[in-house]
Every structure is written in structure tokens, then in C-alpha cells.
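Open the model in your viewer and keep the sequence panel at hand. This tour goes from one selection to the next and says what is there.

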Amino acid sequence: MRPPRTPSPVGTWSPMPAASIAISPWANLEHTGATMFTLDAVGPSVSREGLRRAAEVVLGSAPQHSPLASPVFADTRGLPPVLIQIGGHEVMLSDAIRPAAKLAEDAVPTRLDVAPGMGHVWHLLAGHLAAADKAVADAVTFAEEHLPAA
């Protein structure tokens, strides 16, 4: 059986992936989630102002609310399973919870893992931090559960 297909932004059709894993996703380039304000000084590597400046570079004159830029505004119906991993100290936390809720509402199998006390992309500390080892192992298990057998 062929995988479902979806229109790509350029109008051609491409196969859907078996699943997707979003690690510390930057899902809302409007930066309006509550934790953009409440956790702005907590994480050591990502700030609301830094994200705002990066969005200006990435988007140019494109709108921040475009679903191609900000998945929180996307139509998620029919997507394959999604794992979202986000640190509990990330400014992007609330903007990762929001698409997880939307995916679940649209009947997309969704798993949201919030790692308490972790900052942006704590996975990079695998081999040195138990929480990073666990997150990477969980992502691998998720992928293995959804990839077709070879």
C-alpha cells in the first residue's frame, strides 16, 4: 500500500512520512504563548527577543501567522503520528503544547513529552545527562514503533 500523499507548498504531491518527531519546536513565529513571557529569563539559550529577531530574518516580509511558518496555524487533519518533546524551562513551551492539543483535536495520534527543568534542545547533552538520554531513547522508540518493517 502506498503512503498517503499531501500537496506540497509548491503544488506537487509528496508522500507523507510514517511519523514525525519535533524536538523543542519553534511552532509559533508570532511568539504569543504565555511562556514567551513567563519563562523568558529562565532558559539559557533562547529568548523571546532572540526568536523575534530570528523570525524577521527567516520570514522577511512573509506573515508570521502563515501555516508554513507557524504550525500552530496549520490544518493538521490527516497527519501521521507526532511526538513533540519540549523542555519545561523553554520559552516555547506553551507554543509546543498548543499544536499538540490541535493535533489531538484533529484525531492525529500525538504524544507530548515535557521534560521538567530542561532548556532548549537538552538532547544535545545525551551521554552526560540522564534526561537527555531518556529523551533520545524515547524518540528512537517512537520512530521504531512507526517506521515500516524493512
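How many residues apart are K134 and D138 in helix 4, and about how far is that in helical turns? The two are four residues apart, so about one helical turn separates them. Keep in mind throughout that this is a predicted model.

**Stop 1: the pair in helix 4**

Select K134 and D138. They form a salt bridge, and their closest N and O atoms are 2.6 Å apart. D138 is buried, because its relative accessible area is 17%, under the 20% limit. Now select E49, R52, R53 and E56. Salt bridges that share partners join these residues into one network.

**Stop 2: other charged pairs**

Side chains of opposite charge can pair when their charged atoms come close. The structure holds eight salt bridges. Go to R77 and D75, which form one of them. Their closest N and O atoms lie 2.5 Å apart. Is R77 buried or exposed? R77 counts as exposed, because its relative accessibility is 59%.

Next, select D113 and R111. This is also a salt bridge, with 2.9 Å between the closest N and O atoms. R111 is partly exposed, at a relative accessible area of 30%.

**Stop 3**

Switch to a cartoon view. Find the open sheet of three strands, which run in the order 3-4-5 with parallel pairing. Which strands are at the edges? They are strand 3 and strand 5 (110-115), and each pairs on one side only. On average, neighbouring strands in this sheet are turned by 10° against each other, ignoring direction.

Now look at strand 4 and strand 5. Six bridges link them in the parallel sense. Select I84, and you will find L112 of strand 5 opposite. Then bring helix 4 (residues 130-146) back into view. Helix 4 packs on the sheet and touches strand 3, strand 4 and strand 5. The direction of helix 4 makes about 170° with that of strand 4.

**Stop 4: Q85**

Stay in strand 4 (residues 82-87) and pick Q85. Is Q85 buried or exposed? Q85 counts as buried, because its relative accessibility is 1%. A polar atom of the Q85 side chain lies 3.0 Å from the backbone oxygen of A135. Show the neighbours of Q85 too. Setting aside residues up to four places away in sequence, Q85 touches several residues, among them A22, I23, W122, H123, A135 and D138.

**Stop 5: the nonpolar cores**

Show side chains for L51, I84, V91 and M92. These residues have the most contacts inside the largest nonpolar core, which has 14 residues. Strand 4 and helix 3 (93-105) are the elements that give two or more residues to this core. Which element gives the most? Helix 3 does, with four residues.

Zoom in on I84. Beyond residues up to four places away in sequence, its contacts include A96, A100, L103 and L112. A second, separate core has five residues, including M118, W122, A132 and A135.

**Stop 6: H31**

Is H31 buried or exposed? H31 is buried, because its relative accessible area is 2%.

Show the polar contacts of H31. Its side chain makes one with the side chain of W26, at 3.0 Å. A polar atom of the H31 side chain also lies 3.1 Å from the backbone oxygen of L29.

H31 and A55 are 24 residues apart along the chain, with 9.5 Å between their C-alpha atoms. They also touch each other. Other residues that H31 touches include M36, F37, R48, L51, R52 and D95, again without counting residues up to four places away in sequence. Two of these names have come up before. L51 is among the residues with the most contacts inside the largest core, and R52 belongs to the salt-bridge network with E49, R53 and E56.

Notes: Residues are numbered from 1 along each chain as its sequence is written. This is a predicted model: local features need pLDDT of at least 70, side-chain atom pairs count only at pLDDT 80 or more; totals for chains, interfaces and linings use all residues. Side-chain values use heavy atoms; hydrogens and water are left out. Buried means under 20% relative accessible area, exposed over 50%, partly exposed in between (1.4 Å probe, protein chains only). Contact means heavy atoms within 4.5 Å. A polar contact is a pair of N or O atoms within 3.5 Å; within protein, one must be able to donate a hydrogen and the other to accept it, and residues adjacent in sequence count only if both atoms are side-chain atoms. Two strands pair if DSSP finds at least two bridges between them. Axes are lines fitted to C-alpha atoms, for helices over the stretch in contact, and angles run from 0 to 180 degrees between N-to-C directions. A salt bridge is a side-chain nitrogen of Lys or Arg within 4 Å of a carboxyl oxygen of Asp or Glu. A nonpolar core is a set of buried Ala, Val, Leu, Ile, Met, Phe, Trp, Tyr and Cys residues joined through side-chain atoms within 4.5 Å.
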